[in-house]
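Here is a short briefing on charged side-chain contacts. View the chain first, then read on.

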Amino acid sequence: MARVVPSPVDVDNLLTDMGTETLETEHMDCVSAAPGVETRTRVLIVEDMPWDAELMLHELVRSGLECVTRRVEVESEFREALEEFKPDIVLADYSLPRFSSMRALRIVKEFGLDTPVILISGTVTEEVALQCLQAGVADYLLKDSLLRLGPAVKAALESARIRRARRQAEDERTSIEMRLSAFADSTADAMIVSDAADRIRFWNRAATSIFGFSADEILGEPLITIVPEQLRAQHEADMNAAASGGRLASLSQTRTIGLHKSGVEVPIELTRGSWDEGGERFVSAVVRDITERVEAEERLRASTEYYRAILEHLPVVTYEASVDEPTSMRWLSPQIADLLGIPADRLDDPEFFFERIHPDDRDRVRKAAWAARDSGSLDIEYRISHEDGRFLWIRDRAVVGPSMSNDDSHVVRGVLLDVTTARESERKRTLLSAVVEQSSSSVIITDTEGNIQYANPAFETITGYSREEVIGQAPRLLSSGRHPPSFYEEMWAELTAGRPWTRDFVNRRKDGTEYHQLSTIFPIQDAEGRTQNFVGIGRDISNERALEQQLRQAQKMEAVGELTGGIAHDFNNVLAAILTNAQLLAMELPPEAVDMRSEVRDIESAARSGADLIKRLMVFSRDEYLELEVVDPSEILTDTVALLKRLLPENIELTLQEAHAGALINVDRSGIQQILLNLATNARDAMPEGGTLVISTCVTGAETGRTESDGEPRVEIAVRDTGIGMDEETLERAFEPFFTTKDRGKGTGLGLAMVHGLVRRHGGTTRVASEPGLGSTFTISLPVAGPDEDEQSPRKTAAPRSEPGAHSGATVLLVEDEDPVRRAGQRVLDRLGYRVLLAENGRKAMELLEAHRAEISLVVTDIIMPELGGAKLYEATHDWEPRPAFLFTSGYSQPEVGGSVLDADVPFLRKPWDATGLAEAVRGALNESQDSAPVVGS
């Protein structure tokens, strides 16, 4: 129960009345408090004796304190009072039955309160009192000496107030420091504080970002650590001046350089200041990293220089003209002198520019200039004369704007750009466009996805598709399916890598036919190298591929021909030995050896059949000599048709159609007949059930519009049948040697190959057209004979001129590198009574010729031999007197053998010869010799 104590006089009476009630008293002292100031002191009394509490209250009132008191006896009440009553001071009895002052002190500290505790006890020793003071008690009093209670309470309260004020000041200082630190760490500028000894005392987060040092690394270190070497002398001078109380050399904002932890110099903006605190001098620095600004300034400077250089070199003229007289120039930039090639001193005349405009353009320019007054702008192209007399194309772009003067007038300001080159480029682009439009090669342009955006007319002609049909389509609509996926994968790999790609495509036209196209596809890229489009340029090379196929076939035939020629030459040597030895063997057999003679004849017959086969092979390989003569095709055709009518079956109708207008051809008669016989035989086999065979002739030439590549007139002989025809694969191989579609044993495969070889040797060409079920047509094209071509005679061959036995005993040098042939020849010559010298090669023959120069009457020599050939032997004896006669032999039959042109006067014996042929050739050669060798022993 609370009571108001009106005055100290009533306290004694009140103590008697209260007895043992719990004390909770409010006392208002008569001393007035300052308005608005709370002066009541809350006093918590820990005492189990109410009267002792009243005595304490009495002393407090008496000392002039305005109090509110509460008394407690146990710990729970004490704790509750601390939370609710919130005392300013605690007066506690040292020892209570259930509580004590020291326990109260510990609870106050436990609550974290700074409330002073005064110990009051009936008896306490000085030692205990000292311990209590050391434990934190504000003061101690004896109950019989309470007169000092008021001053003690006031002193304790004052001490607590002072402590709270000091703590509040410290808290405020700490709070300020924390806020300043947070502010410093939140700013992008470094904030650094150093003392007079140049030691760093403050370092914010931005300083770490700029210089790389953490606060732990740099605090206490000298500030010169972040100063570059070249600036340290100035820094030390500044610090010395600051330490001595002088002003810093740089107090305003300064651009300088700092040193990063890594050693890299950092451009910075520095603001410094100094102040004194607590008798100590401090220096502050605010640092801003201006690396980006410096880099930006450098970029701006470089950019400015770059654009200044561009502007200084641009072929642009600036000008200003009066809006009222737009064709009269008020000012022209100096570049006009370079543009028009005129001296600068001629620019003073304001009318000179308009006078240089092409007469045909002046009226148009004048009208456009006057119109600009209303529209506010001008954009026109016209011609203007250069000093050298040529006209340049100028683009004039201008706007109407206020004058620089203060009279509110307006002027026309513009630029003049030389667009002569641009217009020429445009003309070239137009020309290029026309070329592309009129090109015979197809041109398509696609986007990066491969969709067609443009196609020229040649594309339409080649493919059969119109532009409208293919725009937006992919080129795959031309695919023939002949190329594997890897073909297109390779193409896209090259194109996406920015490289052109050239290949031979087999494409399909709209009508389904296939054609060969050589296409080059390449990417069109922009300035950054990004592909914008793909361009494909294609050329139809179907005819070229057909010609290439023919060339490959001809080359194949040439190679096979060379091979067969070589085989034929070697085989002729073998056959010569067989024939000669067979004849010699027949001569040695007695008359009664009928069976053996028959066997020898079989050997000779087989050898002659082989020789005939070799002759056919040599015709094919161009080694058989042609006996050319100028003839009328009608003669050969008439004879051949008569022969064919006897050979062809009755179910084949043969027709001859001639239209060669008397043209003559220079050919080997038997060779042409052989060609026609082979073609007719081939046609007969293609018409097993019968049909029609037509042989026709005509003349082609410039007047007919049909010519070969040389443009000369030619006679064409065509053999057309109505047989089974040939497919594409068979056509490609038709002229290959040994290729045949007949059953095994029914064809050699040499017929058409021989046709091809003979026609080629006559300087002609062979064409064939055929389709399965529609027959075949073989066309032979031969050159027309010129007016100066004489009939060709066959090469002179050795012929007998006397009876056998003539020149018996003459010395004959036989030169032959094949042992069997050499031995066979020796036997024949020995039987004829000649003295025979043998040489296995030209080198050995030369030695014998030199050793027996006066004795040798005839040299029988093979033309082609190792070390030294027969032709070289003949040349080596050219100046000999007397010179032996020569007889050449060879498995080849051409006049030019082994790269040497043979003398037409030297007799030639073609292999395979037999005993009779060799004997006649030797006798004939000796007869023709004007200087016969002396006959030994005659």
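Arg232 is partly exposed, at 23% relative accessible area (buried is under 20%, exposed over 50%, partly exposed in between; 1.4 Å probe, protein chains only). Its salt-bridge partner is Glu229, at 3.5 Å from N to O. A salt bridge here is a side-chain nitrogen of Lys or Arg within 4 Å of a carboxyl oxygen of Asp or Glu. The model is predicted: local features need pLDDT of at least 70, side-chain atom pairs count only at pLDDT 80 or more, and totals for chains, interfaces and linings use all residues. Numbering runs from 1 along each chain as its sequence is written, and side-chain values use heavy atoms, leaving out hydrogens and water.

- Glu229 is exposed, at 60% relative accessibility.

**A pair within a helix**
- Glu59 and Arg62 form a salt bridge, with the closest N and O atoms 2.5 Å apart.
- Both lie in helix α2 (residues 50-62), three residues apart, so about one helical turn separates them. Helices are DSSP runs of H or I, at least four residues, and strands are runs of E, at least two, numbered from the N terminus.
- Glu59 is buried at 9%, whereas Arg62 is partly exposed at 44%.

**A pair across the chain**
- Asp189 and Arg288 form a salt bridge, with the closest N and O atoms 2.8 Å apart.
- This pair links distant parts of the chain, 99 residues apart: Asp189 sits in the loop between α6 (149-186) and β8 (190-195), Arg288 in strand β12 (residues 280-289).
- Asp189 is buried at 12%; Arg288 is partly exposed at 37%.
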